[in-house]
Amino acid sequence: MRTEAVDVAIVGGGPSGMAAAVAARRAGAEKVVLLERGEQLGGILNQCIHDGFGTKVFEQALTGPEYAQIYIDRMEETGVSYALNTMVLDLSPERELTVCSSQGLRQINAKAVVLCMGCRERTRGAIRIPGHRPAGVYTAGVVQYYMNLRNLAVGRRVVILGSGDVGLIMARRLTLEGAQVLCVAEILPYPSGLARNIVQCLDDFDIPLYLRTTVVEIHGRDRVTGVTLAQIGPHGGIVPGTKRLVECDTLLLSVGLIPENELSKKARVALSPVTGGPVVDDHLQTSVPGVFTAGNALQVHDLVDYACLEAERAGASAARYAMAGRLPAAEIAVRPGQGIRYVVPQLVSGTESVDFSMRVVSPDHDRYVIFRRDGHELRRMKENVLAPASMLRIRVRSDRFQRGAGELTVEVGA
């Protein structure tokens, strides 16, 4: 088997992978290679023809393909090499990648690796909806691919389960293409998607959103003929007398995303039971030295801008590791406290400023996000609106980590 040595290997050619590759090259890594299993760069952005991307980084609303093209151009400008239609089959803790393409198998030995494989959708099997297996049950991303890249209609009368952002966007897209979106059902007592998507994709088209509601049965054998909806009580379980049949020919699932972590597991990277992605330090380095990660492979983002900013840090850190063979040790543990579901990174060195990402447990308003260490308050940030669907990003300067000792706790307080 042929072997190749590189400074930094990037797995995944989506926006975060390209951002990491460009950052690694600009940080001084000589030989940077990006490996993408698809036939083109850009990842999921290629099927996201709506605008709204780039408002944080580029201060303009771009479509997905426009946003991707910016990083494709930067890849060309910085001299990053990439391989398409190339699958990474294995990754060892020693940063040896086994790669398969039309040229056969080869091994890439990298001084540093950045994992940017993105995420995948939860399917019907993951949520166990009773019924037969008729045609007409799709995940939101699949419908987006069929409609935007293949020009295929999936149905005429549609029910959407889950209020994730992709599902909300497809509610609008389906309506504009002439389908009737009957409703969006959400099992939680609050929407899972961004507020702007609730307004622009549901309210503007008079599509009803039913909270504390889910699909309890799918009807039809060859093709979906309807679904049974039911309300869910505050402590779980179906509320008696709330079942109702909705006749439809299509059920679209938008019930969550999961970081791709197969390669992370092969490399024996420690995973977070909350995010599903790796546990990382403030350099975005995983528990395996020299293996870094960013984007949706680390944590599911609501904005691509934040995924790319995160990936740029991971790429620059990987370049530093490739050139020096080590990074400052991260020994300060970071824990989510009251009101915080998770926080990334989970370890910090205390030698550099850190951009923390986190999500809250439940909706709230006019509260503070507070960083504490050993009783000392490091940072207090006022947030007018807190929502689980919106990721919070808060920077803490390096000098503040010197206050107190022991672990760092992040919590929501008054």
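Predicted model: local features only at pLDDT ≥ 70, side-chain atom pairs only at ≥ 80, totals over all residues.

Guide: Residues are numbered from 1 along each chain as its sequence is written, and side-chain values use heavy atoms, with hydrogens and water left out.

Visitor: Why is the pair of Tyr67 and Tyr71 called tilted?
Guide: Rings of Phe, Tyr and Trp (its six-membered ring) pair if their centres lie within 6.5 Å, and planes under 30 degrees apart count as stacked, over 60 as edge-to-face and the rest as tilted. The ring centres of Tyr67 and Tyr71 are 5.8 Å apart and their planes stand at 40°, so this pair is tilted.

Visitor: What makes the pair of Tyr138 and Tyr146 edge-to-face?
Guide: Their ring centres lie 6.1 Å apart with the planes at 90°, so the pair is edge-to-face. Tyr146 itself has 29% relative accessibility and therefore counts as partly exposed.

Visitor: How do you know that the charged end of Arg74 sits over the ring of Tyr71?
Guide: A charge sits over a ring if NZ of Lys or CZ of Arg is within 6 Å of the ring centre and within 35 degrees of the ring normal. The charged end of Arg74 is 5.1 Å from the centre of the Tyr71 ring, and Arg244 lies over the face of Tyr210 at 4.8 Å from the ring centre.

Visitor: Why are the buried residues of α4 said to line one face of the helix?
Guide: Helix α4 spans residues 140-149, and its buried residues are Ala140, Gly141, Val143, Gln144, Met147 and Asn148. Seen down the axis of α4, they fall within an arc of 155°, so they line one face of the helix; the arc is that of the directions from the helix axis to the C-beta atoms. Helices (H or I, at least four residues) and strands (E, at least two) are DSSP runs, numbered from the N terminus.

Visitor: What follows α4?
Guide: Asn151 follows α4, and its phi is positive, near 55°.

Key:
Buried < 20%, exposed > 50% of the residue type's maximum accessible area, 1.4 Å probe, protein only.
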